[in-house]
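Me: I am new to this structure and would like to go through it step by step. Could we begin with the charged pairs?

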Amino acid sequence: MKIALTRAVPSSIANCELTHVQREPIDVERARQQHAHYEATLRTLGCLVERIADADRMPDSVFVEDAAVVFDEIAVITRPGAESRRPETDGVEQALVRHRQLRHITAPATIDGGDVLRCGHDVFIGVSTRTNAAAVEQMREFLAPFGYRVTPVDVGGVLHLKSAVTETADGVLLINRTLVSAEPFAGYELVDVDPSEPMAANILRVGERCVFPVAFPRTLERLEARGITPVVIDASELAKAEGALTCCSLIF
Ligand code: CIR
């Protein structure tokens, strides 16, 4: 059975980090309802949802994806690019230590899990405002014994690599080519987001199924035309905190 680690929406979320999104009021109760529905969806897709201990004073703590990257063999505890987010990793580490041997990213390297796209044994790492080249090298060292290929990918105009490209099925990526070059993904089948929905490239894969936001109906049509039929949910409140679907869980 797959495990999905999640963490509660903190009451401090209004103070979250924002980079490419204008600050607007976030309805914490609505965010919590949507987050509960997200967790329920993961359960219907066969995940055992485990909550990491709350971190109510850490505004971005619901976005657990950024604090660690989980592989079959090890889990890497990150050193998040935003200083305000570094305390988040302790709780995530306590939850993960029961499941995996751990490795730790160390200074001067910084990396957010949102910049790490794993497709089988290909690991693409976005070099972004949050993730630097030193982190790519540390990841490469951690993963070398297990046969992963690590490829750095330049990311600009968006927070993380996985805001621009994610995996929908083995060998199939959903991508916004205006945010990231398609070149590193040669050999993959690419499904393009609808040009009117630039933020639609983040789809959450759970085994053979996917979860996708209701906010992007045109891209949904493209996915369905390709034979991909995701479960559609509303994630609009956390989108105001610059969070997408993959950010809210660590699934392994
Ligand atoms: C941040 O700026 O760090 C948060 N407000 C949003 C993080 C979203 N995480 C992700 O895309 N993996």
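This is a predicted model: local features need pLDDT of at least 70, side-chain atom pairs count only at pLDDT 80 or more; totals for chains, interfaces and linings use all residues.

Me: Which residue forms a salt bridge with E237?

Reply: The partner of E237 is R30, and their closest N and O atoms are 2.6 Å apart. E237 belongs to helix α5 and R30 to helix α1, so this pair ties together parts that are 207 residues apart in sequence.

Me: Is E237 buried or exposed? And what about R30?

Reply: E237 is buried, with a relative accessible area of 2%. R30 counts as partly exposed, at 33% relative accessibility.

Me: Which residues are linked with them in a network?

Reply: A network of salt bridges links R30, D234, E237 and K240.

Me: What does R205 do?

Reply: The side chain of R205 meets that of E167 in a salt bridge, at 3.0 Å from N to O. This pair links distant parts of the chain, with R205 in strand β12 (residues 204-206) and E167 in strand β9 (residues 165-169), 38 residues apart. Both R205 and E167 are buried. R205 also forms a salt bridge with E208, where the closest N and O atoms are 3.8 Å apart. E208 is exposed, with a relative accessible area of 70%.

Me: Back to α1, then. How many residues does it have, and what should they span?

Reply: Helix α1 covers residues 28-44, which makes 17 residues. At 1.5 Å a residue they should span 24 Å, and the C-alpha atoms at the ends are 24 Å apart, which agrees.

Me: Which of its residues are buried?

Reply: The buried residues in α1 are V28, A31, Q34, H35, Y38, E39, T41 and L42. They cover an arc of only 155° around the axis, which puts them on the same side of α1.

Me: Why would residues three or four places apart point the same way?

Reply: An α-helix has 3.6 residues a turn, so residues at that spacing point the same way.

Me: And what does the face turned away from the buried side carry?

Reply: That face of α1 carries the exposed residues Q33 and T44.

Me: What caps the N-terminal end of α1, and what follows the helix?

Reply: D27 caps the N-terminal end, with a side-chain oxygen 3.1 Å from the backbone nitrogen of E29. After α1 comes G46, whose phi is positive, near 100°.

Me: New topic: the ligand. Which residues come nearest?

Reply: There are 14 residues around the ligand, and E17, D60, E65, R85 and A241 come nearest.

Me: What can be said of the backbone at E242?

Reply: E242 has a positive phi of about 70°, although it is not a glycine. E242 lies in the loop between α5 (236-239) and β15 (250-251), and it is buried, with a relative accessible area of 16%.

Me: Where is the cis peptide bond?

Reply: The cis peptide bond joins A107 and P108, with omega at about 5°. P108 is placed in the loop between β5 (101-104) and β6 (116-119).

Methods: Residues are numbered from 1 along each chain as its sequence is written. Side-chain values use heavy atoms; hydrogens and water are left out. Helices (H or I, at least four residues) and strands (E, at least two) are DSSP runs, numbered from the N terminus. The expected span of a helix is 1.5 Å times one less than its number of residues. Buried means under 20% relative accessible area, exposed over 50%, partly exposed in between (1.4 Å probe, protein chains only). The arc is that of the directions from the helix axis to the C-beta atoms. A polar contact is a pair of N or O atoms within 3.5 Å; within protein, one must be able to donate a hydrogen and the other to accept it, and residues adjacent in sequence count only if both atoms are side-chain atoms. A residue is near a molecule or strand if one of its heavy atoms lies within 4 Å of it. A salt bridge is a side-chain nitrogen of Lys or Arg within 4 Å of a carboxyl oxygen of Asp or Glu.
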